[in-house]
Amino acid sequence: MQPDRVWRWPRWIYLASEEEQSAYIAEALRLAFRQGVAGVFLWCYADYAPALHSEPPYDLAQWTRTCGLLRADGSESRP
């Protein structure tokens with residue numbers, strides 16, 4: 001758990017590992033397509049560059065920094 005100050009007061013957030021993110025996305029997609037969805041939207045395409053981590057809103061919203069399908073260097077996050 002990590003402290004997050006985006007909402008004017010500290011709150012604790014869970015930062016999932018790449019393995020946990022991968023398993024979650026795989027299961028969510030499997031269930032969605034089994035139900036017949038036409039498509040999905042995943043947030044977000046790539047992690048934010050470390051140079052942006054000190055800029056708003058990423059300075060406070062740590063959880064937004066590494067939620068991409070690709071890492072900031074362009075390499076694939078764990079499938």
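E18 and R71 pair through their side chains in a salt bridge, with an N to O distance of 2.8 Å. Since E18 sits in helix α1 and R71 in the segment after α1, the pair ties together parts that lie 53 residues apart in sequence. The model is predicted. The protein holds 1 helix and 2 strands, and along the sequence these follow the pattern β-β-α.

**Salt bridges**

- A search of the whole structure finds 2 salt bridges.
- In the bridge between E18 and R71, E18 is partly exposed at 26% relative accessibility, and R71 is partly exposed at 30%.
- The side chains of E27 and R30 also meet in a salt bridge, at 2.6 Å from N to O.
- E27 and R30 are both in helix α1, and because they are 3 residues apart, about one helical turn separates them.
- An α-helix has 3.6 residues a turn, so residues three or four places apart point the same way.
- E27 counts as partly exposed, with 35% relative accessibility, and R30 also counts as partly exposed, with 42%.
- Side chains of opposite charge can pair when their charged atoms come close.

**The helix and its end**

- Helix α1 is made of 17 residues.
- From the first C-alpha of α1 to its last is 24 Å, close to the 24 Å expected at 1.5 Å a residue.
- Just after α1 comes G36, which takes a positive phi of about 90 degrees.

**The segment after α1**

- L42 lies in the segment after α1, a helix that covers 18–34.
- L42 has a relative accessible area of 34%, which makes this residue partly exposed.
- W43 is also found in the segment after α1, and its relative accessibility of 57% counts as exposed.
- Leaving aside residues up to four places away in sequence, W43 touches Y48 and C67.
- The C-alpha atoms of W43 and L69 are 8.2 Å apart in space, while the two residues are 26 apart in sequence.

**Surface and contacts**

- A nonpolar patch on the surface is formed by F33, V37, V40, L42 and L69, which together have about 390 Å² of accessible area.
- The accessible surface of the protein comes to about 6,200 Å².
- Carbon and sulfur atoms account for 61% of that surface.
- Of the 79 residues in the protein, 16% are buried.
- Among contacts with a separation of 6 or more, 42% are between residues 24 or more positions apart.

Key: Residues are numbered from 1 along each chain as its sequence is written. This is a predicted model: local features need pLDDT of at least 70, side-chain atom pairs count only at pLDDT 80 or more; totals for chains, interfaces and linings use all residues. Side-chain values use heavy atoms; hydrogens and water are left out. Patches are made of residues with over 30% relative accessible area and no salt bridge: like charges are joined within 9 Å, nonpolar side chains (Val, Leu, Ile, Met, Phe, Trp, Tyr) within 5 Å. Accessible areas come from the Shrake-Rupley method with a 1.4 Å probe; for residues, only the protein chains shown count as cover. A salt bridge is a side-chain nitrogen of Lys or Arg within 4 Å of a carboxyl oxygen of Asp or Glu. Helices (H or I, at least four residues) and strands (E, at least two) are DSSP runs, numbered from the N terminus. Buried means under 20% relative accessible area, exposed over 50%, partly exposed in between (1.4 Å probe, protein chains only). Contact means heavy atoms within 4.5 Å. The expected span of a helix is 1.5 Å times one less than its number of residues.
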